[in-house]
Every structure is written in C-alpha cells, then in structure tokens.
Amino acid sequence: TAVAQPHSQGEERALKWFSMLDTNGDGRISRQEAEVGIRLRPSLAKDFKDADVNGDGYLTQNEIRAVADRRRAERQARRELERAAAAKAAPDSPTR
C-alpha cells in the first residue's frame with residue numbers, strides 16, 4: 001500500500017475550507033457552494049476555474065490536492081532559483 005504524504009499547511013487549510021463549503025456533503029464543491037468564498041475573496045473565482053480541471057463545475061478533494069501539489073512545486077522551484085542566484089552573486093561563491 002502507498003503511504004500518504006503529509007499535508008502541507010496550505011493543503012490542510014484548503015481541505016478545511018472544502019469541508020465548510022461542501023454544504024450538501026456530497027464530497028464536492030459546486031460553483032454555487034463556492035459563491036460564499038468568492039464573495040469574500042473574488043480571486044477565488046479564477047482559482048475555482050483553474051482547479052476544476054475536468055470542467056464539470058465541481059471541485060473534488062483530489063482537484064484541491066492537485067492545486068496544492070502544483071503550488072508547492074512552484075514555490076520549491078522558485079526557492080531553488082533564488083538560492084542559485086544568491087550563491088552565484090556571493091563574492092566567496094565556490095562556483096566562480
């Protein structure tokens with residue numbers, strides 16, 4: 001059996017919001033259910049559309065996790081680029 005990866009803080013937050021927004025308890029969030037969050041934070045409308053990869057108008061926990069994984073990978077890549085740039089710019093850098 002595969003071992004589940006621990007959730008990041010962002011993913012934990014997203015799954016908590018998921019539970020709150022899934023008002024009918026069907027395991028997915030409809031665009032209508034998401035309206036509450038979108039009114040509070042309009043940028044969530046784009047996030048909803050981006051996360052709804054199959055375009056069915058609903059978000060599942062798997063779609064939320066995929067977004068969290070993608071964002072985590074983007075942050076990690078950005079940090080690695082920043083570290084590489086900082087190392088290159090350092091006067092005592094062994095790469096020079």
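**Entry 1: contacts along the chain**

I looked up contacts between residues at least 6 apart in sequence, and 40% of them join residues at least 24 apart. I note here that the model is a predicted one. One pair I checked individually was E35 and L21, which are 14 residues apart along the chain and have C-alpha atoms separated by 9.0 Å.

**Entry 2: elements**

I counted 4 helices and 2 strands in the protein. Reading from the N terminus, I recorded the order α-β-α-α-β-α.

**Entry 3: burial and surface**

I found that 22% of the 96 residues count as buried.

**Entry 4: the nonpolar core**

I began with a general point: nonpolar side chains in soluble globular proteins tend to be buried together. I then asked which residues form the largest nonpolar core. There are 11 of them: L15, F18, L21, I29, A34, I38, F48, A51, L59, I64 and V67. At least two core residues come from each of helix 1 (9–21), helix 2 (31–40), helix 3 (44–51) and helix 4 (61–89). Helix 1 gives the most, with 3 residues.

I next examined L59, a member of this core. Leaving aside residues up to four places away in sequence, I found L59 touching F18, G27, R28, I29, F48, A51, D52 and I64.

I located a nonpolar surface patch of about 440 Å², made by W17, M20, V36 and L40. Helix 1 and helix 2 are the elements that give two or more residues to it.

Is L40 buried or exposed? I placed L40 in helix 2. L40 counts as exposed because its relative accessibility is 66%, and the cut-off for that class is over 50%. I also looked at E35, which has its place in helix 2. E35 has a relative accessible area of 25% and is therefore partly exposed.

**Entry 5: salt bridges**

How many salt bridges does a search of the whole structure find? The search gives 7. I followed several of them in turn.

In helix 3, I looked at D50 and K46, which lie 4 residues apart, about one turn of the helix. Their side chains meet in a salt bridge at 2.6 Å, N to O. D50 is partly exposed, with a relative accessible area of 35%, whereas K46 counts as exposed at 53% relative accessibility.

In helix 4, I looked at D69 and R72, which are 3 residues apart, about one turn of the helix. The salt bridge between their side chains spans 2.4 Å, N to O. I recorded D69 as partly exposed, with a relative accessible area of 39%. R72 is partly exposed too, with a relative accessible area of 24%.

Also in helix 4, I found E74 and R70, 4 residues apart and about one turn of the helix from each other. Their side chains meet in a salt bridge at 4.0 Å, N to O. E74 counts as partly exposed at 43% relative accessibility, and R70 is partly exposed with a relative accessible area of 37%.

Finally, I asked which residues are linked in a network of salt bridges. I found R41, D47 and R71 linked in this way.

Methods: Residues numbered from 1 in each chain as written. Predicted model: local features only at pLDDT ≥ 70, side-chain atom pairs only at ≥ 80, totals over all residues. Heavy atoms only, no water. Core = buried A, V, L, I, M, F, W, Y, C linked by side-chain atoms within 4.5 Å. Buried < 20%, exposed > 50% of the residue type's maximum accessible area, 1.4 Å probe, protein only. Contact = heavy atoms within 4.5 Å. Patch = residues over 30% accessible without salt bridge, like charges linked within 9 Å, V, L, I, M, F, W, Y side chains within 5 Å. Areas by Shrake-Rupley, 256 points an atom, 1.4 Å probe, with all protein chains shown as cover.
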